[in-house]
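Here is a short note on some side-chain pairings, for you to check against the coordinates. Please go through the points in order.

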Amino acid sequence: MPEISTKPYMLRAIYEWCTDSGFTPYLAVKVDAGTTVPMEFVKKGEIVLNISFGATSGLKMDNDCIRFHARFGGVSREIYVPVDNVMAIYANENGQGMAFEPQLGSFAPGANPTDSPASASAPVGPAPSTAAPAPMLASVPSSQGEARPAPAGGDDEPPKKGGRPTLTRIK
């Protein structure tokens, strides 16, 4: 009995997490002969698709493909993406999601690809070709002997603490 791929289940899980969290789910897709997308929006053989409820009509995420209708330039188009062509699914707002190893020859007739532990998934940020770079973490200097940068503005007065904020009118 052939091994069942975990990829479509992961795609549905991340999609559900995005929608439950109020995020916009995006798919990064490798475009080939087995993919039906508007070719005028394909860049370097890839396309990023918004698959949120408001952006799609009739979204179906099956074990072998993802299909839906979406508007591009005001024209409704039918979209068909084989699951094997999905490179990543992520939340547009924070870049959290999952990337997948590309599967070669997945659109060839008679191909029966399966996911192996080595080709499973890894967390990723937004798709590099279309989204802003993910924020980077930086360490905060400790209070033990490290110099702190001077506050901007050059004032030697410490900032006011507590109390109500006030509005200063400038005429």
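**Side-chain pairings**

1. Start with phenylalanine 72, which counts as buried because its relative accessibility is 16%, and buried means under 20%. Bear in mind that this is a predicted model.

2. Which ring partners phenylalanine 72? The partner is phenylalanine 41, with the ring centres 5.3 Å apart. The planes stand at 40°, so the pair is tilted. Phenylalanine 41 lies in the loop between β1 and β2, and phenylalanine 72 in strand β4 (residues 65–72), so the pair ties together parts 31 residues apart in sequence. Phenylalanine 41 is partly exposed, at 41% relative accessibility.

3. How many aromatic pairs are there? The count comes to 3. Among them is tryptophan 17 with phenylalanine 23. Their centres are 5.4 Å apart, and the planes make an angle of 55°, a tilted arrangement. Tryptophan 17 counts as partly exposed, at 32% relative accessibility. Phenylalanine 23 is also partly exposed, at 24%.

4. Now the charged pairs. The salt-bridge count is 1. Glutamate 40 and arginine 77 form a salt bridge through their side chains, at 3.0 Å from N to O. This pair links distant parts of the chain, 37 residues apart. Glutamate 40 sits in the loop between β1 (25–30) and β2 (46–50), while arginine 77 belongs to strand β5 (residues 75–82).

5. Is glutamate 40 buried or exposed? Glutamate 40 counts as exposed, because its relative accessibility is 53% and the exposed class begins over 50%. Arginine 77 is partly exposed, with a relative accessible area of 27%.

6. Threonine 56 is placed in the loop between β2 and β3 (57–61). Threonine 56 counts as buried, at 13% relative accessibility. What does its side chain reach? The side chain of threonine 56 comes to 3.0 Å from the backbone oxygen of serine 52. Leaving aside neighbours within four places in sequence, threonine 56 is in contact with Asn50, Ile51, Phe68 and His69.

7. Last, a charge over a ring. Arginine 12 places its charged end over the ring of tyrosine 9, 4.8 Å from the ring centre.

Conventions:
Residues are numbered from 1 along each chain as its sequence is written. This is a predicted model: local features need pLDDT of at least 70, side-chain atom pairs count only at pLDDT 80 or more; totals for chains, interfaces and linings use all residues. Side-chain values use heavy atoms; hydrogens and water are left out. A salt bridge is a side-chain nitrogen of Lys or Arg within 4 Å of a carboxyl oxygen of Asp or Glu. Helices (H or I, at least four residues) and strands (E, at least two) are DSSP runs, numbered from the N terminus. Buried means under 20% relative accessible area, exposed over 50%, partly exposed in between (1.4 Å probe, protein chains only). A polar contact is a pair of N or O atoms within 3.5 Å; within protein, one must be able to donate a hydrogen and the other to accept it, and residues adjacent in sequence count only if both atoms are side-chain atoms. Contact means heavy atoms within 4.5 Å. Rings of Phe, Tyr and Trp (its six-membered ring) pair if their centres lie within 6.5 Å; planes under 30 degrees apart count as stacked, over 60 as edge-to-face and the rest as tilted. A charge sits over a ring if NZ of Lys or CZ of Arg is within 6 Å of the ring centre and within 35 degrees of the ring normal.
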